[in-house]
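The entries below follow the order in which I looked.

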Amino acid sequence: MTCGRSRRWHYAGLMQSADELVKSGEWRRGLAAGARWLGHGLLDLVYPPVCLHCDAPTVTPDTLCPACFARLRPITAPLCPRLGLLFAVSLRAEALSAETLADPPSFGQARAAVIYNDMAGTIVSRLKYGD
Ligand SMILES: [Zn+2]
């Protein structure tokens with residue numbers, strides 16, 4: 001008796017949850033997310049993910065292979081606090097570059113994440129003009 005009542009309550013709870021799920025439209029979002037996941041999986045089988053720079057196979061899409069990632073040179077101190085230009089030697093933190101002093105920019109600060117080389121140029125170009 002207790003067991004049957006418990007099942008009915010459990011069933012009623014499931015029906016209420018399913019009803020709320022349908023009314024909220026959440027099932028559509030779940031279905032869409034599942035279709036996207038399946039679509040990406042199928043797309044990865046047909047077009048495996050490749051490096052953004054050299055087209056070597058990668059595990060995840062829109063990334064770099066380890067060799068290309070190692071070639072990225074992040075910009076770190078010592079650098080000009082205004083233009084972000086690299087200094088050859090470590091200076092005071094507020095020391096400005098000759099370029100900043102000769103032609104002070106109208107903006108307060110500019111930074112790039114990495115040194116612009118052929119690889120960074122390719123990535124930026126693909127970001128701007130590719131898919
Ligand atoms: Zn690569």
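These are my notes, topic by topic, on a model that is predicted.

**Entry 1: overall make-up**

I began with the secondary structure and found five helices and zero strands. Read from the N terminus, the order of elements is α-α-α-α-α. I then looked up burial: 15% of the 131 residues count as buried. The accessible surface comes to about 10,500 Å², and carbon and sulfur atoms hold 64% of it. I also checked contacts between residues at least 6 apart in sequence, and 37% of these join residues at least 24 apart.

**Entry 2: the zinc ion**

Which protein atoms are the donors of the zinc ion? I found the SG atoms of Cys51, Cys54, Cys65 and Cys68, lying 2.3 Å from the ion. Along the chain these donors follow the spacing C-x2-C-x10-C-x2-C. Cys51 sits in the loop between H2 and H3 and Cys68 in helix H3, so this pair links distant parts of the chain, 17 residues apart.

Next I looked at the geometry. The angles subtended by the four donor atoms run from 104 to 114°, and the arrangement is therefore tetrahedral. For reference, the ideal angle for four tetrahedral donors is 109.5 degrees.

Are Cys51 and Cys68 buried or exposed? Cys51 has 1% relative accessibility and counts as buried. Cys68, at 4%, counts as buried too. The cut-off I applied for buried is under 20% relative accessible area.

**Entry 3: salt bridges**

How many salt bridges does the structure hold? I listed three.

The side chains of Arg126 and Asp55 form one of them, at 3.6 Å from N to O. Arg126 belongs to helix H5 (residues 118-129) and Asp55 to the loop between helix H2 (26-46) and helix H3 (66-71), so this bridge ties together parts that are 71 residues apart in sequence. Arg126 is partly exposed at 37% relative accessibility, and Asp55 is partly exposed at 46%.

Asp118 and Arg71 form another, with an N to O distance of 3.2 Å. It links distant parts of the chain, since Asp118 is in helix H5 and Arg71 in helix H3, 47 residues apart. I noted Arg71 as partly exposed, at 39% relative accessibility.

Arg92 and Glu94 also meet through their side chains, at 2.9 Å from N to O. Both of these residues are exposed.

**Entry 4: backbone**

Which peptide bond is cis, with omega near 5°? I traced this to the bond from Ala77 to Pro78. Pro78 lies in the loop between H3 and helix H4 (98-102).

For positive phi in residues other than glycine, I noted Asp55, with phi near 65°.

Asp62 is not a glycine either, yet has a positive phi of about 60°. Asp62 is likewise placed in the loop between H2 and H3. Is Asp62 buried or exposed? I recorded Asp62 as exposed, because its relative accessibility is 62% and the cut-off for exposed is over 50%.

How values were computed
Residues are numbered from 1 along each chain as its sequence is written. This is a predicted model: local features need pLDDT of at least 70, side-chain atom pairs count only at pLDDT 80 or more; totals for chains, interfaces and linings use all residues. Side-chain values use heavy atoms; hydrogens and water are left out. A salt bridge is a side-chain nitrogen of Lys or Arg within 4 Å of a carboxyl oxygen of Asp or Glu. Helices (H or I, at least four residues) and strands (E, at least two) are DSSP runs, numbered from the N terminus. Buried means under 20% relative accessible area, exposed over 50%, partly exposed in between (1.4 Å probe, protein chains only). Contact means heavy atoms within 4.5 Å. Accessible areas come from the Shrake-Rupley method with a 1.4 Å probe; for residues, only the protein chains shown count as cover. Donors are N, O and S atoms within 2.8 Å of the metal (3.2 Å for Na, K and Ca); water is not among the atoms, so sites may look incomplete. Four donors count as tetrahedral if all angles lie between 85 and 135 degrees; four count as square planar and six as octahedral if opposite donors are over 155 degrees apart and all others between 65 and 115; anything else is irregular.
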